[in-house]
Amino acid sequence: MEIRPGIHWVGVRDPDLRVFDVIIPTEFGSTYNSYLIDADEPALIDGVKLEFQDEFFAKLAEKIDLTDLKHLVVNHTEPDHSGSIKELLKRAPHLTVHGSRAAIQFLGEQVNMEFNKHIVGEGDVLDLGNRKLRFIMAPFLHWPDTMWTYLEEEEVLFTCDGFGSHFCFPEGKIFASEQEMDFTDEIVYYFDAIMGPFKPKVQEAVAKLEGLPLKMIATGHGPILDENLDQMIQLYKDLSATVKQGRKRVVVGYASAYGHTRRMAELVAEGARQKPGVDVTLIDVGNSTDDQIKEAISSFDAIVLGSPTINADAVYPIWRVIDSLSAITSRGKIAATFGNYGWSGEAAGLLEERLEKMRLAIAHPAVKARFGLTDEDEQRCRELGSNIAEAVS
Ligand SMILES: Cc1cc2nc3c(=O)[nH]c(=O)nc-3n(C[C@H](O)[C@H](O)[C@H](O)COP(=O)(O)O)c2cc1C
Ligand SMILES: [Fe+2]
Ligand SMILES: [Fe+2]
């Protein structure tokens, strides 16, 4: 499916999807859009969900011998887009992956294998020979790793989750202009569920589109936007309009048997404190009274919880903190988890899942470290803190 000369949609449809990311009902299914750009050095933009990778590779095989594929751009590394990348790396030996610093790091932790990587920043250009891709950083739409990619010659912007919708278009009818049903409500709903907690970040990213010639917004979910682009951008501006508030509060709560998770918590707090205008409360919930815990979590803009894995679970004092959070007032607030472990390491993931089910916004993937912290582990903890502080600012 060619969306512009030499740009092929190689994504997949998921019409039967009814719940996304554990918490978001998706009445109209979704799609995972990936794009192959013909050029002297061909490039692929984003991947698809793991379950759909056979279909994805079959589509790619019709267009390209993967040994000729030179570039992969990862706008975002949530597994609905990155799940298929490990297999892609195996099949495309000459591939270099381009992404933000966070994207390259997250991908590394997902695939656990060596790959050729290239970290890109604001305004960097990737020269494909006869075509050029320019990168526009859009952090926290809705993870620290997110960016947009602009194909200069065709004036197409690839936005992954940005401007996306969980709306499965009918086979062969990929463009917004071809849809029988007005799916604007689905774009709004997607915004509220995914981007809502990051409105100031949306404003910053959308401001970068000022004056950029645009023929198409090629999203990662739902129909490709090929008409009324100014209105779509205005919609995102309207949806993200906020009143600026005062200082922000980040709570870092942890429990720890042997001090490793404590050390992680201290580093998370240290990272968060670097951001001006952010107050950080660090609390050892394993050694605090109910009243102290209640006081610490009485109001917050972001909560970061850490637990060691003990017998395949997070420990009780941390679960108690989650139980005492109000699902109503915590809804939509920013959250993340971390934890030390020895072999199986379930804790951080279980906590993340629970917070996600309570509809907090997971703004950073769980950070796990095994036994003693390496310099790299320490850095990841500090980055977790600074990213969370950035997300609430
Ligand atoms: C009783 C006990 C049970 C444990 N069970 C697990 C487990 O199921 N999975 C795992 O990954 N680590 C397990 N561990 C290892 C701890 O997660 C590991 O020692 C970790 O470094 C503790 O973090 P802390 O220093 O913050 O307490 C267990 C440790 C203890 C003492
Ligand atoms: Fe995402
Ligand atoms: Fe997505």
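Analyst: A helix here is a DSSP run of H or I with at least four residues, and a strand is a run of E with at least two, both numbered from the N terminus. In this predicted model, Phe 371 lies in the loop between strand S22 (367-370) and helix H13 (375-392).

User: What is the phi of Phe 371?

Analyst: Phi of Phe 371 is near 45°, a positive value in a residue other than glycine. Most residues other than glycine have a negative phi.

User: What makes Cys 160 count as buried?

Analyst: A buried residue needs 20 or more other C-beta atoms within 10 Å. Cys 160 has 29 C-beta neighbours inside 10 Å and therefore counts as buried. Cys 160 belongs to strand S15 (residues 156-160), and its phi is positive, at about 50°, although it is not a glycine.

User: How do you know that the peptide bond from Leu 141 to His 142 is cis?

Analyst: The omega of that bond is near 20°. His 142 is located in the loop between strand S13 (132-137) and strand S14 (147-151). Most peptide bonds are trans.

User: Why are S9 and S10 said to pair?

Analyst: Pairing requires at least two bridges found by DSSP. Strand S9 (residues 71-73) and strand S10 (residues 96-99) have three bridges, in the parallel sense, so they pair. Val 73 is opposite His 98 in S10.

User: What joins S10 to strand S11?

Analyst: Four bridges connect S10 with strand S11 (residues 116-119), and the two run parallel. Thr 96 has Asn 116 in S11 as its bridge partner. From S10 the chain passes through helix H4 (residues 101-111) to S11 in a right-handed β-α-β crossover.

User: Which domains does the protein have, and how do they meet?

Analyst: The domain assignment gives domain 1 (2-240) and domain 2 (248-392). Their contact takes 10 residues from domain 1 and 13 residues from domain 2. The side of domain 1 that touches domain 2 has eight nonpolar, one polar and one charged residues. The centres of the two domains, taken over C-alpha atoms, are 30 Å apart.

User: Which residues of the largest nonpolar core touch the most other members?

Analyst: In this core of 119 residues, they are Val 250, Val 252, Val 268, Ala 302, Val 304 and Ile 388.

User: Why does this core lie between domain 1 and domain 2?

Analyst: The core lies between them because domain 1 (2-240) and domain 2 (248-392) both give residues to it.

Methods. Residues numbered from 1 in each chain as written. Chains lettered and ligands numbered in written order. Predicted model: local features only at pLDDT ≥ 70, side-chain atom pairs only at ≥ 80, totals over all residues. Domains from an automatic or database assignment. Contact = placed C-beta atoms within 7 Å. Nonpolar A, V, L, I, M, F, W, Y, C, P; charged D, E, K, R; others polar. Core = buried A, V, L, I, M, F, W, Y, C linked by C-beta atoms within 7 Å. Buried ≥ 20, exposed ≤ 12 C-beta atoms within 10 Å, placed from the backbone. Right-handed = clockwise from strand over helix to strand, strands pointing away.
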